[in-house]
Amino acid sequence: MDDRARVEKAAHEVVEEHDPRSVPVREFLAAWFAAGLTWVHFPEGLGGLGVSRGLQARANAILQGAGGPNPFFLNPIGHGMAAATVLEHGSRELAQELLPPLATGEHIWCQLFSEPGAGSDLAGLATSAVLDGDEWVVNGQKVWTSFAHRARYALLLARTDPDQPKHKGLTYFVLDMHAPGVETRPLRQMTGQAEFNEVYLTDARIPDTHRLGAVGNGWRVAMTTLMNERSAIGGSSSVRGAGAIADAVELWARYPQRHTPVLRDKLAALWTRAEAQRLTDERARRSATSGSPGPEGSIAKLVSAELNQHVYEFCMELIGPEATLYGDYTQRDAERNEDYRGPVQQRFLRSRANTIEGGTSEVLRNILGERILGLPGDLRADAGKPWKEVPRG
Amino acid sequence: MADAVTEFVLTPEQQDLRRAVRRFCAERLGEDTVRRLAESGTGHDPALWARLGGELGVLGLAVPEELGGAGGGLVDQAVVAEEFGAALVPGPVLGTVGLAVPALVALAGAGLDEDLLASLVEGARTAAFAVPDRGGRFDPALVTVTETGGALTGEVRHVVDGTADVLLVAARTGEEIGLFLTDGGERIPLSTLDRTRRQATVRFSATPARALAVGAGAEQAITAALRVGGALLAAEQVGGAQRMLDRTVAYAGTRLQFGRPIGSFQAVKHRCADMLVLVEHARSTAFHAAWALQDGTDDPDLAVAVAQATCSQAYQQVAQESVQLHGGIGFTWEHAAHLYLKRAVTDAALLGSAAEHRERIAQLVLDGASASGGVRVATG
């Protein structure tokens, strides 16, 4: 049996034996994991079948066809970033411990990377981890953390050697968010909502067995996470006209009294660009020979972020005086889907973050220029210097 | 119909084809040759054209074997068009390969002169397409040439490759439009912006011509040719844009100012990154159009409009950025940047501008849109 048939057979068996419309979602996802369908390219026993990543789409199609849940939306950081990082850099024992509850959504995950003083220059982060016996003691502040207040585990990047240049002194950990010394506070954003959190770490302790990769090797581990993040954020819909552009086309149909030839051409240009990016995503997917996301993810992220902004700028122009109104600035937890996808004025405000979150457009253009086109890097004032000697502020 | 999974994946044969054409162009159609031909009277070399058709055999890849072609698909021809665009191959690429040959293929079985098609595919003869278009689409109202008693009268302006051996001419015959074949007519060469892509005004006064098709058959062949021409032109734009991007990146990596390669400055690097995105989008839309026409996997009208709207803008923008990023040398006659810029401007204007194609896209996707979705508008 070829791999494709194997995946299809396994998927059909799971949905037949555990009808996703009646079985509780965690129970269903546990069966899905046991059958190796959560991440088909993972090894057997760890939620995969050891086959090409491209076959995941087949499994997901069968899952959705049977009315099953979308595991990604139940645990976006867990599925989009943590799973691949734990698999690639953790021991098999750690993966066996962490992946099953991640896959079912029992354990929600979050990511503790950015800090108030380390955004684009992530490798300059200051949160420290100091070894004490067989535990690490962590102190610092993290920011822009989605799901932190619901998360059981976090991916944490911390500095273990301030005497090394910035990239070399980092180590990567899995942090138990229920541990003493971990405090989560909501961070209110311009939409009025609090989608993200700040996380304060005060003498929080991590067993050394929850380290991913070698001490000092945290930057390389973080790259696994970030490449997966960019492809997860940038992976736009494969359906023509879906996504943000659908909002603009729908409002266009709803506001005929505000049509002008200039707006019409603007919308046609936006639609065309969305279609060009959709086709580019398809092309990258179909010609991908390796299993891990490559730099195309950076193109997708760059384009979809700017396109989203332009689409919602267009929507605001189209609706005219109504663009000056807003619904409700009451602070809310914005994780519920309907809140996140609120009225168009809120979508406009939310889109301003798209070119900042998950890699600013400026950083992404550096990546395209340097990693795809091979252009030389910029001068760096901190190159080779011990981290503690680099000016901060 | 191809499996959707295979779209965008070139076969090993198509990759070999690309390499063969690239090697031929590098050896036989280098910049010196292109410049020499650009400054010559006719703008192309019939002997070289015959080698492209004969020795290399790349002028009729999508023509069925029984009509004298290679029996391949449009994607094969698009691969060649891309390489021709990268090398700025002079000669009747658009008139013959892009438009006349597809029109004749569409007319297959309708009193077609198969020797003519075979000789065009071999590169032994050349043809041009004297059919006016509006935004890359056929509009019978634009046809002013008339046919009576087997002879044409009237004028067609801006005929790309209009000095070719034979012309396919749209003409009014009674109440209908017909497609006619003639080797006559007065050809008045125009002084073109891009000297590697020539045009002529053609004038007919009782010029003998043979009817190839009349009525619906003629209009279908014209529409088919304009679609194929649009897709191949888009592929050509991809090739030119990619070549300009490559040259610009190479220059930015080696040109030193302030003691550093200029490509290390973000002001330069970010413009290169934006050029990369333009080229990637152009490639995706152009090859999607070729696949859609070849396999019937998408609305051909929309696929070609998206490709043309995207590629016309992309190539022109990339060529202009290339001039800018090369600095002073990029404005000289000696540097190749202007050759590509002129081709980019020309290609953008031919078979419909980006704006005209966006208008078509608007007709197809906006005019019939319904307000059924869920996006709310806060009303205070």
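User: How do I read a pair of packed helices, and which hand is the crossing of helix 4 of chain B and helix 7 of chain B?

Analyst: The crossing of helix 4 and helix 7 of chain B is right-handed. Note that this is a predicted model. In general, two packed helices are described by the angle between their axes and the distance between the axes. Here helix 4 (residues 74-87) and helix 7 (residues 216-254) of chain B pack at about 40 degrees, with axes 7 Å apart. That angle makes helix 4 of chain B oblique to helix 7 of chain B.

User: Which residues of helix 4 of chain B meet helix 7 of chain B?

Analyst: The general idea is that an α-helix has 3.6 residues a turn, so residues three or four places apart point the same way. On helix 4 of chain B, the residues that meet helix 7 include Leu74(B), Gln77(B), Ala78(B) and Ala81(B). Among their partners in helix 7 of chain B are Val228(B), Ala231(B), Leu232(B) and Ala235(B).

User: At what angle do helix 7 and helix 10 of chain B cross?

Analyst: Their axes cross at roughly 155 degrees and come within 11 Å, helix 10 being residues 337-349 of chain B. Angles over 145 degrees count as roughly antiparallel, so helix 7 of chain B is roughly antiparallel to helix 10 of chain B. This crossing is left-handed. Glu236(B), Gly240(B) and Arg243(B) are among the residues of helix 7 that meet helix 10, where Tyr340(B) and Asp347(B) are among the partners.

User: Is helix 8 of chain B mostly covered or mostly uncovered?

Analyst: Helix 8 of chain B is mostly covered, with 24 of its 30 residues buried. The helix runs over residues 266-295 and reaches 43 Å from first C-alpha to last, close to the 44 Å expected at 1.5 Å a residue. Just after helix 8 of chain B comes Gly296(B), with a positive phi of about 65 degrees.

User: How many residues of chain B are in contact with chain A?

Analyst: In chain B, 41 residues are in contact with 47 residues of chain A. Helix 7, helix 8, helix 9 (300-326) and helix 11 (354-366) of chain B each give two or more residues to that side. Helix 8 of chain B gives the most, with 12 residues.

User: What does UniProt list for residues 216-364 of chain B?

Analyst: UniProt, in an unreviewed entry, lists "domain: Acyl-CoA dehydrogenase/oxidase C-terminal" there. In the model, residues 216-364 of chain B are 81% helix and 3% strand, with end C-alpha atoms 23 Å apart.

Key:
Residues numbered from 1 in each chain as written. Chains lettered and ligands numbered in written order. Predicted model: local features only at pLDDT ≥ 70, side-chain atom pairs only at ≥ 80, totals over all residues. Helix = DSSP H or I, 4+ residues; strand = E, 2+ residues; numbered from the N terminus. Expected span 1.5 Å × (residues − 1). Buried ≥ 20, exposed ≤ 12 C-beta atoms within 10 Å, placed from the backbone. UniProt positions renumbered as here; feature names shortened; annotations may be inferred. Axes fitted to C-alpha atoms, helices over the stretch in contact; angles between N-to-C directions. Parallel < 35°, antiparallel > 145°, perpendicular 65-115°, else oblique. Left-handed = near helix turned anticlockwise from the far one by under 90°. Contact = placed C-beta atoms within 7 Å.
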